[in-house]
Amino acid sequence: MASLRDIKNRINSTTKTKQITKAMQMVSASKLNRAEMSAKAFVPYMEKIQEVVASIATGSTDVEHPMLISRPIKKTGYIVITSDSGLAGPYNSNILRKLRQTIEERHQSKDEFTIIPIGKKGRDFFAKLGMPIAKEITGLPDQPSFAEIKEIASYAVNLFANEEIDELYIYYNHFVSAITHVVTEKKVLPLTDLAKDNVKTNSMYEYEPNEEEILKTLLPQYAESIVYGALLDAKASEHASRMNAMRSATDNAEELIAELTLSFNRARQAAITQEITEIVSGAAALE
């Protein structure tokens, strides 16, 4: 049985751990609020640019663009968004497991795909497996700006434009609520689902200089915006997952402290009882 000192030391160390996890929970909750606001604020922009692009792509038969045309699939690109640090529960493991299963099901050779990880956890995971990594980005802030991911988003779009890949997917955790996030696969390129996703509106547009030039400019921006929107969504999921993980850790610490305190009190009571017994026995012996 552990000594009173050992139990007391465990109580003290668990109490300190609880203080740390409680502080991390509060920090993640604060970050979650800002990340959720950023993700929601980006939605109207995405909806409007999608509406404009879809109105041109589906409303004119004379306008064509390589990003709107499917071609035989020889190589696929995957953007995967993970965190740079751990202590976020199943946030990283779920998405990495999903993408790995997808790759194993769709591809027979490493020459058939390439990975563009955003976040250290994804980079380290696929590097350890020896999978091809085209480009990576790490160290993004909790509130990333578009300028900070534009380089890698443009790089991914250019891979498709230069026919180095024939399709591009993005994997991330979609934020549903503070306690729920869903691993999501989204097709970035080619943009063949615009007609299906387009919401009919009464808006009328006039294009200058012409529809083809507008589409040529907007399509790359739209594809890059899909990546940025997914990143904002993923950041909200990351903070929510970390907040929940730290809350669970805090609750577990409280339960452990209660159990250790009970053990400490029992051990102390047993020690006191033994001392009383020894004193009584000694007194009886002197008589």
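Is Ile 149 buried or exposed? Ile 149 is buried, with a relative accessible area of 0%. Here buried means under 20% relative accessible area, exposed means over 50%, and partly exposed lies in between (1.4 Å probe, protein chains only).

## Basis of the model

This is a predicted model, in which local features need pLDDT of at least 70, side-chain atom pairs count only at pLDDT 80 or more, and totals for chains, interfaces and linings use all residues. Residues are numbered from 1 along each chain as its sequence is written, and side-chain values use heavy atoms, with hydrogens and water left out.

## Ile 149 and its surroundings

Ile 149 sits in helix H4, which spans residues 146-161. Helices are DSSP runs (H or I, at least four residues), numbered from the N terminus. Leaving aside residues up to four places away in sequence, Ile 149 touches Ile 137, Leu 140, Tyr 228 and Leu 231. Contact here means heavy atoms within 4.5 Å.

Lys 8 is elsewhere. Its C-alpha is 49 Å from that of Ile 149. In sequence, Ile 149 and Lys 8 are 141 residues apart.

## A salt bridge between helices

The whole structure holds 13 salt bridges. Each is a side-chain nitrogen of Lys or Arg within 4 Å of a carboxyl oxygen of Asp or Glu.

One of them pairs Lys 150 with Glu 224, and the closest N and O atoms are 3.3 Å apart. Lys 150 belongs to helix H4 and Glu 224 to helix H6 (residues 211-286), so this pair ties together parts that are 74 residues apart in sequence. Lys 150 is partly exposed, at 37% relative accessibility. Glu 224 is buried, at 7%.

## Salt bridges within a helix

Glu 51 forms a salt bridge with Lys 48. Their closest N and O atoms are 3.4 Å apart. Both residues lie in helix H1 (residues 4-59). They are three residues apart, about one turn of the helix. Glu 51 is buried, with a relative accessible area of 12%. Lys 48 is partly exposed, at 40% relative accessibility.

Helix H6 holds the pair Arg 242 and Glu 238. These two are four residues apart, a separation of about one helical turn. The closest N and O atoms of this salt bridge are 3.1 Å apart. Arg 242 and Glu 238 are both buried.

## A salt-bridge network

Which residues are linked in a network of salt bridges? Arg 123, Asp 124 and Glu 136 are.
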